[in-house]
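Subject: Handover of a structure

Hello,

I am passing a structure on to you, with notes on what was found in it. Please look at the sequence and the model first, then read on.

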Amino acid sequence: VTDDLITAYVKTREGADKAGGYGIQGIGSILIEKIDGSFDNVVGLPLRATLQLIEKVVTHDEEEEDEAAAGVYDDEEDD
């Protein structure tokens, strides 16, 4: 990253309201050479990973509810 590129970015004022001084999701992306890991993690909350975790928990809870309901019905049949 050259001094001229940094100066040009600063003149856009895009980074003025950013804690790190740039916004990777905007013009500030020109300052980034490489990302190791999740783009969402750089921006903020890792959305894909969070959604996958939520889906895993919800699916697991639904499976437990189905198993519990099946157990209740099985017990009733034994009576």
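The protein chain exposes about 6,600 Å², and 53% of that area is supplied by carbon and sulfur atoms. Please keep in mind that this is a predicted model. Of the chain's 79 residues, 9% count as buried.

The secondary structure consists of three helices and zero strands. Read along the sequence, this gives the pattern α-α-α. As for contacts between residues at least 6 apart in sequence, 12% of them join residues at least 24 apart.

Helix 1

Helix 1 covers residues 3–12, and isoleucine 6 has its place there. The relative accessible area of isoleucine 6 is 40%, so this residue is partly exposed. Leaving aside residues up to four places away in sequence, isoleucine 6 touches Val1 and Leu31. Isoleucine 6 and isoleucine 30 are separated by 24 residues in sequence, while their C-alpha atoms are 9.4 Å apart in space.

Threonine 12 is also placed in helix 1. It is partly exposed because its relative accessible area is 37%. From threonine 12 to glycine 28 there are 16 residues in sequence and 9.6 Å in space, again C-alpha to C-alpha.

The loop between helix 1 and helix 2

Arginine 13 lies in the loop between helix 1 and helix 2. Its phi is near 65 degrees, which is a positive value in a residue other than glycine. Arginine 13 has a relative accessibility of 61% and therefore counts as exposed.

Glutamate 14 is in the loop between helix 1 and helix 2 as well, with helix 2 spanning 39–43. Is glutamate 14 buried or exposed, and which side chain of opposite charge is nearest? Glutamate 14 is buried, and the nearest side chain of opposite charge is that of lysine 18, at 5.8 Å. A salt bridge has to fall within 4 Å, and glutamate 14 has none.

What does lie by the side chain of glutamate 14 is a backbone atom: the nitrogen of isoleucine 27 is 2.9 Å from one of its polar atoms. Isoleucine 27 is also among the residues that glutamate 14 touches, along with Tyr9, Gly23, Gly26 and Gly28, not counting residues up to four places away in sequence.

Salt bridges

How many salt bridges are there? The count comes to two.

One of them joins the side chains of aspartate 17 and lysine 18, with 2.9 Å from N to O. Aspartate 17 counts as exposed because its relative accessibility is 62%. Lysine 18, at 29% relative accessibility, counts as partly exposed.

In the other, the side chains of lysine 34 and aspartate 36 meet at 3.4 Å, N to O. Lysine 34 has 63% relative accessibility, so it counts as exposed. Aspartate 36 counts as exposed too, with a relative accessibility of 66%.

A nonpolar patch

Which residues form a nonpolar patch on the surface? They are Tyr22, Ile35, Phe39, Val42 and Val43, and together they have about 380 Å² of accessible area. Isoleucine 35, one of these residues, is found in the loop between helix 1 and helix 2. Its relative accessible area is 32%, and it is therefore partly exposed.

Regards

How values were computed:
Residues are numbered from 1 along each chain as its sequence is written. This is a predicted model: local features need pLDDT of at least 70, side-chain atom pairs count only at pLDDT 80 or more; totals for chains, interfaces and linings use all residues. Side-chain values use heavy atoms; hydrogens and water are left out. Helices (H or I, at least four residues) and strands (E, at least two) are DSSP runs, numbered from the N terminus. Buried means under 20% relative accessible area, exposed over 50%, partly exposed in between (1.4 Å probe, protein chains only). Contact means heavy atoms within 4.5 Å. Lys and Arg count as positive and Asp and Glu as negative; His and the chain ends are not counted. A polar contact is a pair of N or O atoms within 3.5 Å; within protein, one must be able to donate a hydrogen and the other to accept it, and residues adjacent in sequence count only if both atoms are side-chain atoms. Patches are made of residues with over 30% relative accessible area and no salt bridge: like charges are joined within 9 Å, nonpolar side chains (Val, Leu, Ile, Met, Phe, Trp, Tyr) within 5 Å. Accessible areas come from the Shrake-Rupley method with a 1.4 Å probe; for residues, only the protein chains shown count as cover.
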